[in-house]
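Hello,

Here is the structure for your files. My notes on its salt bridges and its pocket follow below.

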Amino acid sequence: MTTNRFASGNAALSLKVVGIILILSFLLDFFILMLPFQPTDRGWQISLATALVDRGIVPLVGMGMLFVGYWIDTVGDTDRPKPLDIRFPVLIFSSVLGLMFLLIFPLHLNNVRQASTQAINQLRQDAEQAENQLQNQLSQLQAQLNNEQGKAQLEQIRNQAKNQFTELLKNEETYQKALNNPEIPPAQKELLKRFKENPQELETFITQQTDPQAQANQRLTQIRQRREDAEKQAKDDAWKSGLRIGMSSLLLSIGYIIIGWTGLRSMGALQSGKRKPAAR
């Protein structure tokens, strides 16, 4: 019997100690995460909410272990002196956490939405700036090619490229060496095969590669595609963050409020005073 009392007392003490440590560790993390204090910075708010929600289960587990420890005390040896009862402040703390996580839910969703909108607007501005730079470069290049000197230089570049490819394709040894070279990308090897089979494609390829408008259109397509991909990634990240952190915060809020308010009610802290009997 004495052994059972000792075991139950030791288990109760261990649970309460671990529970208190978990709660205190969360408070320590909370104060560290608040530094540096930047309440007007949306990025700081998002990071703080994410970190708090990710750690939100820690005090919940601590409270559960703490209350189990007190419950073991109540069913154990009633003659043993009772330790300091800290359940009331813990229940108050649980209610405060419940309200805090309840506020985090809409605030985080709004912050993530605004941050996503800001990021998308920035992406669009960057893409628009890149498109304007590309159009300016194209206009300058086309202006240079409108005179005889520019046309002659372009024709010279085309002839040099055509001659280089032609020499490569005519020399079977050099051609096979290029196909077997692991440093040459497969797409370029495929082009060489097509040029070998149909020399007319070489003429078309060189014309396209040296056409400023075609090159500008290709780069413009790449810029817009990268912008669309970045916008989609930003929206997906915002949706995932809002769903994960928002729903987790709401669940934590429900759990803490239930523990806090139910515990306070059972202890009589939320019970209204008895109505006084009417005077006769």
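**Salt bridges**

A network of salt bridges links Arg124, Arg227 and Glu231. The term salt bridge here means a side-chain nitrogen of Lys or Arg within 4 Å of a carboxyl oxygen of Asp or Glu. By this rule the count is six salt bridges.

A word on the source. This is a predicted model, in which local features need pLDDT of at least 70 and side-chain atom pairs count only at pLDDT 80 or more, while totals for chains, interfaces and linings use all residues. Residues are numbered from 1 along each chain as its sequence is written, and side-chain values use heavy atoms, with hydrogens and water left out.

Arg227 pairs with Glu231, with the closest N and O atoms 3.6 Å apart. Both residues lie in helix H9, four residues apart, about one turn of the helix. Helices are DSSP runs (H or I, at least four residues), numbered from the N terminus. Glu231 is buried, at 9% relative accessibility. Arg227 is partly exposed, at 25%. The cut-offs: buried is under 20% relative accessible area, exposed is over 50%, and partly exposed is in between (1.4 Å probe, protein chains only).

- Arg244 and Asp54 form a salt bridge, with the closest N and O atoms 2.9 Å apart. Arg244 lies in helix H9 (residues 212–266) and Asp54 in helix H2, so this pair ties together parts that are 190 residues apart in sequence. Arg244 is partly exposed, at 44%. Asp54 is partly exposed too, at 43%.
- Glu131 and Arg224 meet through their side chains in a salt bridge (3.3 Å, N to O). Glu131 is in helix H4 and Arg224 in helix H9, so the pair ties together parts 93 residues apart in sequence. Glu131 is buried, at 17%. Arg224 is partly exposed, at 40%.

**The largest pocket**

The largest pocket has a volume of about 240 Å³. A pocket is an open set of points on a 1 Å grid over the protein atoms alone, where a 1.4 Å probe fits, with protein on both sides within 12 Å along at least five of seven lines. Its volume is the space filled by probe spheres set on the points.

Helix H2 (42–54) and helix H4 (87–145) each give two or more residues to the lining. H4 gives the most, with six.

What classes of residue make up the lining? It has 11 nonpolar, three polar and no charged residues. Nonpolar covers Ala, Val, Leu, Ile, Met, Phe, Trp, Tyr, Cys and Pro; charged covers Asp, Glu, Lys and Arg; the others, Gly among them, are polar.

Best wishes

Definitions and conventions: 1 Å grid on protein atoms, 1.4 Å probe; cavity = no way out; pocket = protein on both sides within 12 Å on 5 of 7 lines; lining within 4 Å.
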